[in-house]
Structures are given as structure tokens and as C-alpha cells.
Amino acid sequence: MSPVYHLKLDKKVTRGAMFAFLPGDPDRVLKIAQAFDPDSREIARNREFRTLLGDLKGEPVLVTSTGIGGPSTAIAAEELARLGVRVFLRVGTSGAIQKDVRAGETVITAAAVRLDGASMDYAPIEYPAVADYEILNSLVASARELKIPFHVGITASTDTFYAGQDRQFSRYMIQRLHGSMEAWQKLGVLNYEMEASTLLTFCCAHGLKGGCITGVAVNRVEEHMVREELLDLAEERAIWIATKSMEKLVVSFKDL
Ligand code: URA
């Protein structure tokens, strides 16, 4: 089999791994891989896609960065699925829009509002973007064990960081997006990020297992932009929960 086009991986190199962590940021790949296997190693790098391979409880596990947003996330997920990955766990950062979801805490996504465009290529908009319930349960159990503050609920996934998340940055923002954050707050949405809806729609539509945990990098009720010191804490906590959760998943899904 020739390597998949963007990720530059083939099944021999991935050792047929069925499990993958999906951070957005290529720099976070190393932090995640080190958290579960200090001997993990880089096996490919191309554009925003960087992949490390490590071992967790005797199973090969990949960590592949998706880059920002739906289109590049879809490329990573499709190519990994072609290589045999069945369990996809996004580990990212997000902006909370509810007052009680504090910066530095974590959000476990139960389902995502599909404000992205890429997921439309997998299923019509009426189709839900839902997390796999066993992944969801393992994330919750892991957060409890680690005593890290977490919230479970609905995430809104946008295609743009500024306009789509109701941050007016440029000279003009279309009418439909003014006040959109308040509307999602009233509908009980917990946070904004940019990849979950594409990943979860893709996984649901293809019979694969998808989940998402994000560290809260900013509380949008209080401020507009991310603060670096809180970003680091949020990211670290999401990684701890995700790696503990993957420890459980490799055992329960070994025979998928
Ligand atoms: N990621 C987002 O998409 N939005 C935020 O506010 C923070 C991280």
C-alpha cells in the first residue's frame, strides 16, 4: 500500500494502529505522546499533519495533529480511517461561553452543533454529531479519577475563530453572527471550538468511534481572547484526562 497522500503514512509504519489521539496543534503531538509513552517516536510530518507512534498497554497508538478547522481535520480522519484507525479522540482547547465553565477547566463534548462546512460532505445537517458513548464514559471516569474539573455537554464547532465565534475583529461582520454567542448561551451550549463537529459527524456516519475533550483556554463571558498561562493549564489537564481515558479504551476496544 502506498502512503496516504497528506499524512505520509502506511499501515506498516503505523503497525496497524486502531487508536489515535487528534490534537489540532503539531506541537501538542509530542506532549501527548510523551504523556503515555516516553519512547514514542515521530513517524511522519507533512504540512500541519505530524504523527508520533507510541505503545499503550501493548497496543500501538497514534498521535496525529489535524491543524485548525474542519477541512484539515477531515483529511486526517479519512486518511487514518483508511489506515485502520477505529477510535478517534480529539484533545484540544476551546473557549467557554457559560459563566460557570472556568478557564483552566475542561469540557467533554457529548455532541456538537454543526456550524462547520466540512461535515456537510458526510451527512445532511439534520444528522447529529454525537460522541461515542463509551468514549464519553471513559473521559468522565478519567476526569473523576484525576479530580480535574470537567463539564459534559454541547460544543459549538465553527469554521472561523473570530466572526463565527462572535468576535468582531475586522471592519465588518455579517448580521447573522452579531449576538450569536448569546443565542448559543441561551441554548445551553458550553463552548466554542473548531474541529469536533467534523470529526464526530465523520465518525458517526462511518461507524467509527469519536470523542472530544478540550481544555478551556478562555471564558468568553469575562474576556475575548485567550491568556497563555491558562492555555497551558487547560491543555495539560485535557491531555491527562485523554491519556487516562485512552488507557481504558485500548483495553475495552482491543477486539474491535
Ligand atoms: N479555540 C477556539 O476555537 N476558540 C477559543 O476561544 C479558544 C480556543
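**Strand 6**

I began with strand 6, residues 106–114, and found that 7 of its 9 residues are buried. Buried means under 20% relative accessible area, exposed means over 50%, and partly exposed lies in between, with a 1.4 Å probe and protein chains only. Strands are DSSP runs of E with at least two residues, helices are runs of H or I with at least four, and both are numbered from the N terminus.

The model is predicted, so I note that local features need pLDDT of at least 70 and side-chain atom pairs count only at pLDDT 80 or more, while totals for chains, interfaces and linings use all residues. Residues are numbered from 1 along each chain as its sequence is written, and side-chain values use heavy atoms, with hydrogens and water left out.

Next I looked up the partners of strand 6. Two strands pair if DSSP finds at least two bridges between them. With strand 8 (residues 150–157), strand 6 pairs in the parallel sense over 8 bridges; there, I108 has V152 as its bridge partner.

**Salt bridges**

I searched the whole structure for salt bridges and got 14. A salt bridge is a side-chain nitrogen of Lys or Arg within 4 Å of a carboxyl oxygen of Asp or Glu.

I noted K209 with D132, whose closest N and O atoms are 3.2 Å apart. K209 is in strand 10 and D132 in the loop between strand 7 and helix 4 (133–146), so the pair links parts of the chain 77 residues apart. Both K209 and D132 are buried.

I then took E235 and R28, with closest N and O atoms 3.1 Å apart. E235 is in helix 7 (residues 228–252) and R28 in helix 2 (residues 26–36), 207 residues apart. Both E235 and R28 are buried.

The next pair was E195 and R90, at 2.9 Å between the closest N and O atoms. E195 lies in the loop between strand 9 (191–193) and helix 6 (196–205) and R90 in strand 5, so the pair ties together parts that are 105 residues apart in sequence. E195 is buried at 6% relative accessible area, and R90 is buried at 4%.

**Strand 5 again**

S94 is also in strand 5 (residues 87–96). Why does S94 count as buried? Its relative accessible area is 5%. The S94 side chain makes a polar contact with the side chain of N191 at 3.0 Å. A polar contact is a pair of N or O atoms within 3.5 Å; within protein, one must be able to donate a hydrogen and the other to accept it, and residues adjacent in sequence count only if both atoms are side-chain atoms.

**Cysteines**

I searched for disulfides (pairs of cysteine sulfur atoms within 2.5 Å) and found 0 in the whole structure. The sulfur of C204 is too far for a bond, because the closest cysteine sulfur, in C203, is 7.1 Å away. C204 is partly exposed at 28% relative accessibility. For C212 the closest cysteine sulfur is also in C203, at 11 Å, too far for a bond. C212 is buried at 1% relative accessibility.

Last, I looked up F169, in the loop between strand 8 and helix 5 (180–186). F169 counts as exposed because its relative accessibility is 65%.
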